Amino acid sequence: MSQPENPHDRLKGVSDSADAPSPFRRRILQGLSAMPILAVPGISLAQKFPTAKVNTTKLAMTETEVTVGQLHSSTGTMAISETGSIQAEQLAIDQINAMGGILGRKIKVIKEDGASDWPTFAEKSKKLLINDRCATVFGCWTSASRKAVLPVFEKENGLLYYPTFYEGLEQSKNVFYTGQEATQQILYGLDWAKNEKKAKSFFLIGSDYIWPRTSMKIARKHIENFQKGKVVGEEYYPLGSTNFGSLMNKIKLQKPDCIFAAVVGGSNVAFYKALKAAGITGNKQLLLTLSVTEDEMTGVGGENFAGFYSSMKYFQSLDNDNNKKFVAAFKAKYGPKSVIGDVTQAAYLGPWLWKAAVERAGSFDVDKVVAASPGIELKQAPEGYVKLDANHHLWSKSRIAMGQPDATFKVVAESPQLIKPDPFPKGYQ
Amino acid sequence: MTALRDLIKRYQLASVLVLTLLLAVVLPLTLDIFRLNLVGKYLTYAFVAVGLVMVWGYGGVLSLGQGVFFGLGGYAMAMFLKLEASDPITTKIQSTPGIPDFMDWNQLTALPLFWEPFKSLPFTLIAVIAVPTLLAWIISYAMFKRRVGGVYFAIITQAVALILTVLIIGQQGYTGGVNGMTDLKTMLGWDTRTNGAKYILYYVCVALLIGSILLCRWIQTGKAGTLLLAMRDKEDRVRFSGYDVANFRVFTFCLTAALSGIGGALFSLQVGFMSPSFVGIVPSIEMVIFAAVGGRMSLVGAVYGTLLVNAGKTFFSESFPDLWLFLMAALFIGVTMAFPMGLAGLWQDHVVPWWAKRRSEMRKDKAAAARRAAEDDASGAAPEAAAKAPRAAGTPERLGDVAGQRA
């Protein structure tokens, strides 16, 4: 999908099964086959989709351009995490534009800085929706920022593609969640620890805010009620905390089979250094985390994380053709040293999912795009095949990978099937 | 008519009138509702800045924890709105319907006791003012009675800001934690998110702000204002004259806390959102910057400063999302280097003298022309009279100024 393609060529395409590098071709053909006018080659797509028809809700677009918003933190504490998402979304948008855009319109991006400050996110989302009339917005990273903009998107009937793995318990008509919700990320990991590593006792550790709290709640229920295992400790530390000395003693005292961690941000560095200093290393202790991607690894340092496991849906080292192309394109654009974490890949899916939905709907109107979205499939996603559920979350595989001393990940396990997203899990509340 | 003029002159109301005109007429006519709502948001910070003029500019006590009071007022209002937004029908998806969503996420199954009174609007409105004032009283009474001041006071207010942030974030089941309280929709069934409501809230905000400025101006021009200035400059002399310095300071500090609380409540109403990021040290210092940019001796200047800094923030971050922080820094450094007394200082030290000079020059020209005419007309006593005129016109008219006071 990284190859620039002329949309006319694709529309003239004989059959969608001939060569299948792009499922979009089929999408377009399916969506548009009802329109006989398409048989006429050489007429620009925009003429077939006059703005009056594809935009009945006064979104910002012309016959050749459609405006979208991008709302992440380019400054402040979250900038280090969100930069990857900004880059991935831009890459996807560039690639879509090189293919001719969406319904004959190039994507124009209005970039706003949420500045790691939730009220600023709310202000900027209002600006993007009310003032700029963006057709969709790709953005947010933390749950707090999503919660801050959510009422705005619902009130103004905007559209948000949200990339981060998160706690679930949410399903908005106006949001598509391209990361994993909590059960997708947690249950497979815990089952893997039980079945493969024979773990029976777990020590739960998290940063003290909504995502780790909810994740650990789900983990505890799963361990106690379904696995019949034991939780020997549950500890939370303030965001940004770097003092894990007493925790090390507790771990040594309890000797859990598995440490299950959701420590975020800067705390990660201190946490893994403290583990190493306490002699709790990968070759002696099983540790499974929900919050270390390639991005965090660069900060933590491969030597501190080597031998520990991370549960994500995507790792940069995934061995498939889609991913190789994606990694190559990403590195070509942002430099060979850039790393791609789970969220970066999820952010990359946003523009593609939107494109597929718009083309299926034949319209940019939010209501129609939302209605067309369930069931959309992406076969060329770097993580592999994904599809969008009616609950606005993605069906995707879960994977376990082991940290390597050179700060990369080696995938050791993968769920055999796509896991159904379940943002309101029964029996886990 | 003269009585009115005297009143305007005595309380220096001309600048307040200009500000009122700008906020109540010019801005609503020129800005669309989205931008006006933003201005409304900035004006809620102006309550804090106006308070800082009183406590810092006049009282000489720098508080780096004003965000605490803004936040308390805002949280009090947000708690009321959140309870109204969490009726059992809209929250039926939760394990315990009828309590705010974040409580449900944190495994609370009943509304905590201290939330109960916030079901009542009158109680909430009282709490918006009373809670910040009470905390301010405790802090300031403990500090000022022990004659703690200056840098130590600033550090302690910072510590309070930090403590409160940690408390709010840590007790997420009761406060919403890092996320804050989001999705505030209605007040007694009145949808605060519609355009009509935004206009009304904006005007309420402007009216309260102008009211607060007038209140502060009234205090400034009275005996208390003079005493505050005297305490700032020579604390001991005031004390030896038999005044209780601490009480005056406690009063001023509580007043600013109350104003900040009102600002916070208006913020929650207009933005539909309250977050711990207003309580911490950084926003508290930011609010000091607003006052400093505006001029810490000028109530009206503080409002302009707040508007300028926030408009700059919005404009720069919209136009240069990657560079805007540097531009903001340039703005701060530029203002503090070039105009240590802020915008009001710029006005007072440059614009006003320039205007006076121009006026006197104009009169001089007129006088010279008259003289020439007189000379042409007849030679005699006329030049003598004309020569006196420019001198009289040249004296600056700054009689109304109390030392250090700025309009």
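**View 1. Helices α6 and α7 of chain A meet through a set of named residues.** From α6(A), the residues taking part are A:Trp118, A:Pro119, A:Phe121, A:Ala122, A:Ser125, A:Lys126, A:Leu129 and A:Ile130, and their partners in α7(A) are A:Ala144, A:Ser145, A:Ala148, A:Val149, A:Val152, A:Phe153 and A:Glu156. Sorted by class, the residues of this contact comprise eleven nonpolar, two polar and two charged. Please keep in mind as you look around that this is a predicted model.

**View 2. Here are the axes of α6(A) and α7(A).** Helix α6 covers residues 118-131 of chain A and helix α7 covers residues 143-156. Their axes come within 8 Å and cross at roughly 30°. That angle makes α6(A) roughly parallel to α7(A). The crossing of the two helices is right-handed.

**View 3. Chain A touches chain B.** In this view, 32 residues of chain A are in contact with 29 residues of chain B. On the chain A side, β2 (106-113), α6, α7 and α9 (210-226) each supply at least two residues. The chain A side has 14 nonpolar, six polar and twelve charged residues.

View 4. The domain assignment gives domain 1 as 7-180 + 319-395 and domain 2 as 182-312 + 399-414.

Key:
Residues numbered from 1 in each chain as written. Chains lettered and ligands numbered in written order. Predicted model: local features only at pLDDT ≥ 70, side-chain atom pairs only at ≥ 80, totals over all residues. Axes fitted to C-alpha atoms, helices over the stretch in contact; angles between N-to-C directions. Helix = DSSP H or I, 4+ residues; strand = E, 2+ residues; numbered from the N terminus. Parallel < 35°, antiparallel > 145°, perpendicular 65-115°, else oblique. Left-handed = near helix turned anticlockwise from the far one by under 90°. Contact = placed C-beta atoms within 7 Å. Nonpolar A, V, L, I, M, F, W, Y, C, P; charged D, E, K, R; others polar. Domains from an automatic or database assignment.
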